[in-house]
Amino acid sequence: MDVMTITRSVLLLLLVASVLHGHPDVAKATAVTGGRLTDGGDSHEAKCSSSARDRVVYHYTRSLHGFAARLTEEEKNNLAALPGVLSIHERVVYRPQTTRSWDFLGLPLHEHPSLPFEQDVIIGVIDTGITPGSESFSDDGLAPPPAKWKGRCSKRINCNNKIIGAWAYDGGYPDGPASPIDDVGHGTHVASTAAGRAVGSASLYGVANGTARGAVPGTRLAIYKVCWYNSGCASDDILAAFDDAIADGVDVITAPISLETVSEYADDVLAIGAFHAVRRGVLTSVPAGNCGPKLGTVSNVAPWMITAAGTTTDRRIVSRLVLGNGKRILAHSINTFPDIGKQSLLVAPGSCNETLEGAMYKGDILLCPPQQEIVPYVVIRSGAAGIILVDTSEDKDKSFTFPLPVVLVWPAQFQDILRYYNESRYPVATILNSETVYNAEAPSVAGFSSRGPNLIAPGVLKPDISAPGVEILAAWSPLSAPSTSYEDVRVVPYNIISGTSMACPHVTGAAAYVKSVHPQWSPAAIISSLVTTATPLQSNVHEAEFAYGAGQANPTRAVDPGLVYNASEADYVNLLCAQGYNTTQLATMTGTSTTCSWPTGYMADLNYPSIAVPVINYGVDFAVEIPRKVTNVGPVNSVYRAKISSAQGITVSVEPDKLAFTAERQELSFTVSVMGSLQTPAADGGSLGASASIIWSDGKHQVRSPIYVFPKQFRSYVEPAECRCRPGKCDGQLDY
């Protein structure tokens, strides 16, 4: 709290002169002077006290128009009453949510830049910063940055021809105490997953050994640090990063952060920033969130962003506990300590928290009671060789890293261990080093990955697509331990973590791969190419498309999709109109004076590559018609025919069912009809909705649009506190 009785920090978004022209609420002409919106010569900031002017944090002038300031309630109200002030948002905090993964997606390794425009593609990373000294960010063989680059490099970091720009945002300090160097690890991991150079023999102490790389190693990285270990990612910093990234000339933005719950687009600065990005031809890739498997937890739902769910790969990391009776227990923790592998006495101290203070268990393995918070420093000070923990969560898909040898077991396994302990006169056990095993069930959606439906626009399917997000090895910061414990003093160049924040840069890298081949494609065309070429997943979860969208990303197919579903700013505005946005709300999103030409419409009318059909309820007849149009990006004379896949009780048809193209970039329209009665799921668990699809095929290309029919009654029952996480906690590391 400031000594000037500042009561809160608010984010202000204001209209610019071109928007105010002719606006009925504006009595005078306005102009932007020095980055400040003025009205007849008096700045809006001047309507606050002089001390308030001193408390302006950011001016958004490069791609957006507005400012952020620390204001009292009275000052906020004074500004809200002024003409031209679109909206006032209080600061909110967002949270951050591979050797094998790119091979698993079928993307071959290119050791040297080989794609037509690979070195011209710039990925903007909005995260916790970067580790410039990592091998993953070497600029060997790279030419100077492309001429379109207009960004800057902080004096606190060494940029090169790979990391071509880096800046830190922390409440408006002009490159003061804030540094873009990563002290968390999350941003480094994300950047190297998306665009890291190929580094051989990368591993975490020998676990998951292989070549770590990004999708397109020759792409450039521009770093925008907005996330901080103790305070998360502030909305005013995020918007400042978008303002810069768009103007700097980035092509794709990866923002692996999200709110804890879904918000209206006009209240979500990530959606607002991404909207302004798409207006400039910049695609934003975001994570679904780490609050699964509950329904309605996907928080990044704007259709002008591509939202990634997290899936497994065919490699799992496991640890083994060997009991004195020879029984081997398969656990899901990551153990990399050099001194494990010795037989140790099993001890049940009754607790592994503060009550253990002062006790000595040198060389023993502790059995920690279920449902009890562990205090690592107490366990470490006791001299214990390791601990056995019980995992009672619903998440069965990821392993955790700890500051000492740990075996993380399920309740039934713990009962087996406890039975052996009670029946043995001298119970002993051995914790073995972690190893990788083949996962035949991959890809499957991770339990932590947030699910649909889209609670803001149910007619838009979210998440869009899935990508590897479980146990991903990538570059790490030497300023952050591989676990989040303060007692962990290890320094590693590569780390293994999980989360939809790891899936997000895989989709970002895939988008950059497409962009490097088709630099003129719009964000919507790139989203379409990824969605329609995705590999469908088996419906092994009852949420089906709510869990994985169109399926697993397939970058090599995405560069030649045949057809794309394109969309413009006007299409997105029409969607907002369909949701009932008024003129003021539209201006908040677009920064322009936009009005709806018609009052309402159907949200599914947006020319989206997937189709979501919300219906009243199970057993109720319905019929909808959904217009779509596709653009030919394949051979000039192509003829596509529709193949329909329907579900029980659902009929899908297309009119016309044949599209004959005679020109490049030609656009043709069709209408999808979906009707029937949604069947009640089986009592033993089945899909909550009905899955169908349309595939347009010319014999070579398979342009698939998933269709998911579901009842409107779905609600989100997740409490915000259940999804609260600081950087790292929801990404495969436990929060101590």
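Mentor: A disulfide, here a pair of cysteine sulfur atoms within 2.5 Å, joins C577 to C596, with an S to S distance of 1.9 Å. This is a predicted model, in which local features need pLDDT of at least 70 and side-chain atom pairs count only at pLDDT 80 or more, while totals for chains, interfaces and linings use all residues. Residues are numbered from 1 along each chain as its sequence is written, and side-chain values use heavy atoms, with hydrogens and water left out.

In general, a disulfide is a covalent bond between the sulfur atoms of two cysteines. The link of C577 and C596 is left-handed, with -95 degrees about the S-S bond. This pair connects distant parts of the chain, 19 residues apart: C577 lies in helix 14, and C596 lies in the loop between helix 15 and strand 34 (611-615). Helices (H or I, at least four residues) and strands (E, at least two) are DSSP runs, numbered from the N terminus.

The two cysteines may also be described by their accessibility. Buried means under 20% relative accessible area, exposed over 50%, and partly exposed in between, with a 1.4 Å probe and protein chains only. C577 has a relative accessible area of 1% and is therefore buried. C596, at 26%, is partly exposed.

The structure holds 4 disulfides, and among them is the link of C227 and C233, whose sulfur atoms are 2.1 Å apart. That link is right-handed, with 110 degrees about the S-S bond, and both C227 and C233 are buried.
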